[in-house]
Amino acid sequence: MVTLTVDGEPCTLPRDASVAAAVLQRGSIARTSARFGNPRAPYCMIGVCFECRVEIDGVRDCLACLVLAEDGMKVRSQHEIQPSSGAG
């Protein structure tokens, strides 16, 4: 078993589980959409949809579904609403 934190909350998983499994286990969202701030969570689990982007140990935009969970990892949701350009 490995223990990591997701948004400051501890999470224990089997050693071969992905970081996305930790996000889902905690009931967390992975990120919010840049344009409207809509919640996003792991979806495809194979690295295609990019909905599982999180910050892992200070590195942004990691695909949680492709990273194996390790002891002591610090995982944070990414919340980023971009200012509107006024276009459209």
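I will start with a single residue. Glu-51 has a relative accessible area of 19%, so it counts as buried. The cut-off for buried is under 20%. Please keep in mind that this is a predicted model.

What does Glu-51 pair with? Its partner is Arg-31, in a salt bridge whose closest N and O atoms are 3.2 Å apart. Arg-31 sits in strand β3, while Glu-51 is in the loop between β4 and β5, so this pair ties together parts that are 20 residues apart in sequence. Is Arg-31 buried or exposed? Arg-31 is buried, at a relative accessible area of 8%. Arg-40 belongs here as well: Arg-31, Arg-40 and Glu-51 are linked in a network of salt bridges.

On the general point, side chains of opposite charge can pair when their charged atoms come close. In this model the count comes to 5 salt bridges.

One of them joins Glu-9 to Arg-26, with the closest N and O atoms 3.8 Å apart. Glu-9 is in strand β2 and Arg-26 is in helix α1, so the bridge ties together parts that lie 17 residues apart in sequence. Glu-9 is partly exposed, with a relative accessible area of 40%. Arg-26 is also partly exposed, at 34%.

Another joins the side chains of Glu-55 and Arg-76, at 3.9 Å from N to O. Glu-55 is buried, with a relative accessible area of 16%.

Now the helix. Helix α1 covers residues 19-26, and Val-19, Ala-20, Ala-22 and Val-23 in it are buried. Why do these buried residues line one face of the helix? Looking down the axis of α1, they fall within an arc of 155 degrees, so they share one face. What covers them includes β1 (2-6), β2 (9-13), β5 (53-56) and β7 (74-76). The helix lies across those four strands, β1, β2, β5 and β7, and runs at about 120 degrees to β2. Just after α1 comes Gly-27, which takes a positive phi of about 75 degrees.

In what order do its 5 strands run? The order is β2-β1-β7-β5-β6, in an open sheet with mixed pairing. Its edge strands are β2 and β6 (59-63), each of which pairs on one side only. From one strand to the next, the twist averages 40 degrees.

Strand β3, residues 31-32, pairs with β4 in the antiparallel sense over 2 bridges. Which residue stands opposite Thr-32? That is Pro-39, in β4.

That brings us back to the starting point. Strand β3 holds Arg-31, and Arg-31 is linked with Arg-40 and Glu-51 in the salt-bridge network. That is the end of my part.

How values were computed. Residues are numbered from 1 along each chain as its sequence is written. This is a predicted model: local features need pLDDT of at least 70, side-chain atom pairs count only at pLDDT 80 or more; totals for chains, interfaces and linings use all residues. Side-chain values use heavy atoms; hydrogens and water are left out. Buried means under 20% relative accessible area, exposed over 50%, partly exposed in between (1.4 Å probe, protein chains only). The arc is that of the directions from the helix axis to the C-beta atoms. Contact means heavy atoms within 4.5 Å. Two strands pair if DSSP finds at least two bridges between them. A salt bridge is a side-chain nitrogen of Lys or Arg within 4 Å of a carboxyl oxygen of Asp or Glu. Axes are lines fitted to C-alpha atoms, for helices over the stretch in contact, and angles run from 0 to 180 degrees between N-to-C directions.
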